[in-house]
Each structure stands twice: as C-alpha cells, then as structure tokens.
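I opened this model to look up its pockets, its salt bridges and its nonpolar core. The entries below are in the order in which I went through them.

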Amino acid sequence: MSPDKNKQLKKLRKNLDKLDNSLIKLIKKRTDLVNQVLKLKEFKNQIVDNKRIKIILNQIRKKSLKNKIDPKITKRIWINMIRAYIDYERRNFNKK
C-alpha cells in the first residue's frame with residue numbers, strides 16, 4: 001500500500017472509531033429505554049412481540065432503501081440487536 005493510501009486508511013479508521021463511540025452512547029440510551037419498558041411488563045411472555053418485530057423490520061427496510069443502504073445489512077443488524085435485547089430482557093425480568 002502506498003504511503004498516501006495508508007494515510008487515508010488511518011484517517012478513515014479513526015473516523016470509524018469515532019462513529020463506534022457514538023454508537024456506544026446510542027446503545028446505552030436504547031438500553032435505558034428497554035429497562036423502562038421491561039419494568040412495565042408483568043409477565044415473561046410479554047417480552048417477545050412478533051407483530052412489533054415485523055413492523056420494525058419493515059420500517060428499517062423502507063428507511064434503508066430510502067437512504068440507499070443495503071437492506072440486508074440493516075436487517076441483519078436489527079435482527080441481532082432485537083435478539084440481544086430479548087435475551088437481555090429475559091435475563092433481567094424479575095416478575096412472576
């Protein structure tokens with residue numbers, strides 16, 4: 001790799017690292033909201049709402065296409081995030 005391309009690569013990676021730091025802050029905010037939602041749920045079977053999951057994935061697909069993002073990427077990210085939070089809610093559910 002040429003020195004110029006190496007310099008560009010380092011700069012891009014630094015920008016990716018900054019973006020990752022922003023994502024961590026957003027994940028913290030999302031986790032706080034999930035905790036509030038979890039407090040409202042009375043039964044463990046309320047954790048998974050398949051209808052809502054379908055709606056979310058549909059919206060993400062539309063937004064991805066509108067923003068010229070490969071919808072396969074965003075679908076995979078959201079499915080994994082949803083699964084992670086379902087697991088989180090199950091581990092942290094303290095009622096009945």
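These are my notes, starting with conventions.

**Conventions.** I am working with a predicted model, in which local features need pLDDT of at least 70, side-chain atom pairs count only at pLDDT 80 or more, and totals for chains, interfaces and linings use all residues. Residues are numbered from 1 along each chain as its sequence is written, and side-chain values use heavy atoms, with hydrogens and water left out.

**Largest pocket.** I looked up pockets on a 1 Å grid over the protein atoms alone; a pocket is an open set of points where a 1.4 Å probe fits, with protein on both sides within 12 Å along at least five of seven lines. A volume is the space filled by probe spheres set on the points, which are joined across faces, edges and corners. The largest pocket comes out at about 450 Å³. I count as lining any residue with an atom within 4 Å of a point. The lining here has 18 residues, and L23, R30, I77, W78 and M81 lie nearest the centre. Two or more lining residues come from each of α1 (3-40), α2 (50-66) and α3 (71-92). Helices are DSSP runs of H or I, at least four residues long, numbered from the N terminus. The most lining residues, 6, come from α2. By class I noted 11 nonpolar, 4 polar and 3 charged residues. In this scheme Asp, Glu, Lys and Arg are charged, Ala, Val, Leu, Ile, Met, Phe, Trp, Tyr, Cys and Pro are nonpolar, and the others, Gly among them, are polar.

**Second largest pocket.** This one has a volume of about 370 Å³. I found 16 lining residues, with R30, K41, R52, I56 and E89 nearest the centre. Each of α1, α2 and α3 supplies at least two of the lining residues. The lining divides into 10 nonpolar, 1 polar and 5 charged.

**Salt bridges.** How many salt bridges does a search of the whole structure find? I got 3, taking a salt bridge as a side-chain nitrogen of Lys or Arg within 4 Å of a carboxyl oxygen of Asp or Glu.

- E89 pairs with K41, with the closest N and O atoms 2.8 Å apart. This pair links distant parts of the chain, since E89 is in helix α3 and K41 in the loop between α1 and α2, 48 residues apart. I noted both E89 and K41 as buried, meaning under 20% relative accessible area (1.4 Å probe, protein chains only), where exposed is over 50% and partly exposed lies in between.
- D32 and K28 meet at 2.7 Å, N to O. They are 4 residues apart in helix α1, so about one helical turn separates them. D32 is partly exposed because its relative accessibility is 30%.
- D87 and R91 pair at 2.9 Å between the closest N and O atoms. Both sit in helix α3, 4 residues apart, about one turn. D87 is partly exposed at 39% relative accessibility, while R91 is exposed at 56%.

**Nonpolar core.** I took a core as a set of buried Ala, Val, Leu, Ile, Met, Phe, Trp, Tyr and Cys residues joined through side-chain atoms within 4.5 Å. The largest has 8 residues: L38, I47, I53, I56, I60, I82, I86 and F93. Two or more of them come from each of α2 and α3, and α2 gives the most, with 3.

**V37.** V37 counts as partly exposed, at 40% relative accessibility. From V37 to I47 I noted 9.4 Å, C-alpha to C-alpha, across 10 residues of sequence.
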